[in-house]
Amino acid sequence: MKILKTTAAAVLSLVLLQANAQTEAPKGFNKGAIILADGSNLQGFVKDNIRKNASVTFTSSADAGKKNYSGSELTSVQIDGEKFICINGDFFKVISEGELSFLQKSSDASGKPVYNGADAVFSNGTEGKPNDYFIYNNSSKDLKWVSRKNINEVAQASFAGYTAAVEKAKAVTGDLAQLKDAVDIYNNRNK
């Protein structure tokens, strides 16, 4: 009887080890998900190559094959709870989300080849450089680059005359990350 209990415990231990191995991230990868351009949602592990070459590497498990995806092949990526959306091949970190999203550019896909069959087409990417801020209208797909010089103009156009959000944007001095508060005010205007 004692041998049977020991064998059962060993089998259970082995099963638990195998289950943990399937949920353990491969080296350099984090738990995440990707949404492909065709709308397919894949859960697994993601390696962040966003700043390096505007791409991510995905695997569904530690022992499965790995595949690279450029920003032009994806709609969005989530890595350890951080969400990125892809626009014109570039990755943007989502800081605030709603009708308008407040984004921070995380890659530079300009000049990166995208293949249409055997033909290479070079992407222009999006304006700005990594770490720049943007306001993205999710319904019209309009992406507006925000700089210290154009913040008032972008606020007027993005917030469609909603005074509380426009005033909050005008109060932003120095750190453009503060524009998040104006975007949140605009997104919560009907609540």
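What follows is a short chat about a predicted model.

Me: Which residues touch the most other members of the largest nonpolar core?
Reply: Ile-135, Val-146, Phe-159 and Leu-179 do, in a core of 18 residues.

Me: What is Phe-159 in contact with, leaving aside its neighbours within four places in sequence?
Reply: Its partners are Leu-100, Ile-135, Ala-165, Val-166, Ala-169, Ala-182, Val-183 and Tyr-186.

Me: What lies apart from that core?
Reply: Another core, made of 15 residues; Ala-54, Tyr-69, Leu-74 and Phe-84 are among them.

Me: Back to the helices. At what angle do H3 and H4 pack?
Reply: The angle is about 165°, and the axes are 9 Å apart. An angle over 145 degrees counts as roughly antiparallel, so that is how H3 and H4 lie to each other.

Me: Is the crossing of H3 and H4 left-handed or right-handed?
Reply: H3 passes H4 in a right-handed crossing.

Me: Which residues make the contact?
Reply: H3 brings Ile-151, Asn-152, Ala-155 and Gln-156, while H4 brings Val-166, Ala-169 and Lys-170. Sorted by class, the contact has 4 nonpolar, 2 polar and 1 charged residues.

Me: New topic. Where is Gly-28?
Reply: Gly-28 sits in the loop between helix H1 (2-23) and strand E1 (30-36). With a relative accessibility of 48%, Gly-28 counts as partly exposed.

Me: What does Gly-28 contact, beyond neighbours within four places in sequence?
Reply: Val-46 and Lys-47. The C-alpha atoms of Gly-28 and Lys-47 are separated by 6.1 Å, though these residues are 19 residues apart along the chain.

Me: What about the phi of Asn-131?
Reply: Asn-131 has a positive phi of about 85°, and Asn-131 is not a glycine. Most residues other than glycine have a negative phi.

Me: Where is Asn-131 found?
Reply: In the loop between strand E10 (119-122) and E11. Asn-131 counts as partly exposed, because its relative accessibility is 40%.

Me: And what is the phi of Lys-141?
Reply: Near 60°, which is again a positive value in a residue other than glycine. Lys-141 belongs to the loop between E11 and strand E12 (142-146).

Me: Does Lys-141 count as buried or exposed?
Reply: Exposed, because its relative accessibility is 55% and the cut-off for exposed is over 50%.

Notes
Residues numbered from 1 in each chain as written. Predicted model: local features only at pLDDT ≥ 70, side-chain atom pairs only at ≥ 80, totals over all residues. Heavy atoms only, no water. Core = buried A, V, L, I, M, F, W, Y, C linked by side-chain atoms within 4.5 Å. Buried < 20%, exposed > 50% of the residue type's maximum accessible area, 1.4 Å probe, protein only. Contact = heavy atoms within 4.5 Å. Axes fitted to C-alpha atoms, helices over the stretch in contact; angles between N-to-C directions. Helix = DSSP H or I, 4+ residues; strand = E, 2+ residues; numbered from the N terminus. Parallel < 35°, antiparallel > 145°, perpendicular 65-115°, else oblique. Left-handed = near helix turned anticlockwise from the far one by under 90°. Nonpolar A, V, L, I, M, F, W, Y, C, P; charged D, E, K, R; others polar.
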